[in-house]
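Me: Please examine the model shown here and answer my questions about its pocket and its confidence.

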Amino acid sequence: MDVGTRIREHREAAGLHQDQLADLCHVSRQTISNWERNKTLPDIVSLKLIASELGTTVDALIGDDAPKISRRADAEARLFLALYLASLTLFCLTTVMNLPSSFGGQAFTGPLWEYLRAVLLGAGLAITIPIWRLLRRHHIIYYGELGRYLDKNLALDESRASTAARWALRHLPICNGALILLALLAALAINDMLTLPTALLTTAGAAVFVALGMALDKRRRELPGGVPLPPQR
């Protein structure tokens with residue numbers, strides 16, 4: 001017996017149709033169908049809600065399939081992290097290359113740099129699609145939500161590198177803002193446009209942006225019912 005079969009049996013025992021369970025779990029009927037046919041596996045958050053709605057426990061639903069679910073969650077989280085880091089790297093590179101020229105800077109000019117800009121733009125567009133799908137699937141809006149998702153699903157060991165990674169994930173809005181700030185300052189410095197007033201103004205703007213994002217994230221977490229549960233495709 002497997003997770004999908006257990007979900008179907010408990011749903012039928014509760015007298016619910018697939019669309020009724022879908023409404024209770026905030027997913028589509030097709031998602032429930034995929035779960036019950038073992039085409040996809042629900043994550044632990046969805047399993048907790050299913051168990052609650054069907055009057056059972058997570059352990060009763062997953063049985064011996066817990067390692068498989070953990071491996072799938074870890075694989076998806078690693079893909080998400082790789083795409084996020086690639087997207088952030090591209091953003092910082094394009095910021096360094098394009099911001100000075102917007103203010104009359106002469107660095108990064110010429111046919112070669114224009115070609116590189118086009119390559120970076122294409123790479124950014126290619127990364128945007130899978131990132132958008134993952135964000136939509138897990139209802140992630142703010143960096144704080146992304147950090148919590150990665151911290152919860154990545155299977156990390158107890159090494160110093162993993163400890164540092166977990167700290168960064170738990171403080172992702174701050175780390176993300178710091179990297180973007182460095183990119184902005186570097187872009188200004190390359191063309192000798194970095195002065196004390198511009199540095200202070202840029203730093204203050206980045207701090208306000210991060211603080212606003214963290215405040216919105218906190219408010220979202222405090223909404224009745226919490227953050228919407230992620231649908232599984």
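Predicted model: local features only at pLDDT ≥ 70, side-chain atom pairs only at ≥ 80, totals over all residues.

Reply: On a 1 Å grid over the protein atoms alone, a pocket is an open set of points where a 1.4 Å probe fits, with protein on both sides within 12 Å along at least five of seven lines; lining residues have an atom within 4 Å of a point. Residues are numbered from 1 along each chain as its sequence is written, and side-chain values use heavy atoms, without hydrogens and water.

Me: How much space lies in the largest pocket?
Reply: Volume here is the space filled by probe spheres set on the grid points, which are joined across faces, edges and corners. For the largest pocket, that space is about 520 Å³.

Me: Which residues are the closest to the centre of the largest pocket?
Reply: The lining comprises 23 residues. Closest to the centre are Tyr84, Ile141, Tyr142, Tyr143 and Asn176.

Me: Is asparagine 176 buried or exposed?
Reply: Buried means under 20% relative accessible area and exposed over 50%, with partly exposed in between (1.4 Å probe, protein chains only). Asparagine 176 has 2% relative accessibility, so it counts as buried.

Me: What is the mean pLDDT of the protein?
Reply: Of the protein's residues, 92% reach 70 or more. The mean pLDDT is 84.

Methods
pLDDT = per-residue confidence, 0-100.
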